[in-house]
Amino acid sequence: MKIDNRTMQEHKLQTSHGTIHAVSVGHGDPAILLLHANSCSWRMFKHILADEKLTSSHRLVAFDLPGHGESSDAPDPQRSYNMAAYGAVAIEVLRQLQISSVVVFGSSLGGHVGIEMVAQLKDQDEDVIRIKGLMITGTPPSLGLAQVTEGFNMDPKNNIAGAETLTDDQVELFIGAGYRGEREPWQVDAVRRTDGRARKFMLEAFLQGRGAEQRRVVAEMTAPLAVVNGSEDAFIKLDTLDRLQYSNLWRGRCFRLPGLGHCPFWEKPDVFLPLFEEFVADCSAGV
């Protein structure tokens, strides 16, 4: 699949956390917001952005988080490089693009950002943005050291996800374990371009318990929540996700896509996209 560059729009948005690069394609409501993983960029969503079924009836938006991709580094890294700030950036992007109704999909870090958005918009009185549904993949809802340890297969205090600098071997490990499937030059470029402070400060804040109580958010949110993971995701503990409390879990269960890893939408889009299309349709219909 290829994205139709003739119809894709690029946006440079001035936000309180720096200049944000975004792309959009398609038309229709609700919009679909795509939130990328740690040290990645909007390009990881190329298969979703090229899905004609989605772009024929929805406006799809993806953007680079501060310190990632074609967005600027944050002017105040300590303030901006954390999940709560990323959630605030996502809301600013939607407001600037005049989007008021949206289905959100978050990959890994992006899933945590989506949960932050739900928390931040819950008590909003003015200029309301309605999240019609949230799908997360590679994202165990967590906050603080104990929950992170319970949800992830990693040593939280010694992990490349929070490393300010990466060796060539670590870059390869980041990409090989994260993507599986086709390799493209932008993947290496995205990891190398990422402001190392974004990894470091984000993980520090996460382990320190700064941000929304994510497990409470998913236990109380009223919009549908889809939990979809590859059955062979090396980064997360799938059994932990199965045990969590959800208030509105889509189709009543967490999905495991057989044989797939951390980014199933990249690895096997032909397997992932039909499920995502069904979720978007349900959310659009108010199910």
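The entries start with the ground rules and then go from sheet to helix to cores.

I worked on a predicted model, where local features need pLDDT of at least 70, side-chain atom pairs count only at pLDDT 80 or more, and totals for chains, interfaces and linings use all residues. Residues are numbered from 1 along each chain as its sequence is written, and side-chain values use heavy atoms, with hydrogens and water left out.

Sheet. I found eight strands in an open, mixed sheet, ordered β1-β2-β4-β3-β5-β6-β7-β8. Strands (E, at least two residues) and helices (H or I, at least four) are DSSP runs, numbered from the N terminus; two strands pair if DSSP finds at least two bridges between them. β1 (9-15) and β8 (255-257) are the edge strands. I then checked β2 (residues 18-25) against β4 (residues 60-63): they run antiparallel, joined by four bridges. Valine 23 is opposite alanine 62 in β4.

Helix α7. I listed the buried residues (under 20% relative accessible area, 1.4 Å probe, protein chains only; exposed is over 50%, partly exposed in between). In α7 (residues 168-178) they are Val171, Phe174, Ile175 and Gly178. The exposed Asp169 and Leu173 sit on the face turned away from that buried side. Arginine 180, which follows α7, has a positive phi near 50°.

Cores. A nonpolar core is a set of buried Ala, Val, Leu, Ile, Met, Phe, Trp, Tyr and Cys residues joined through side-chain atoms within 4.5 Å. The largest has 55 residues, and Leu33, Phe63, Val102, Met117 and Tyr246 have the most contacts inside it. Helix α4 (residues 83-96) gives the most to this core, seven residues. Apart from it I noted another core of 44 residues, including Val25 and Trp250.
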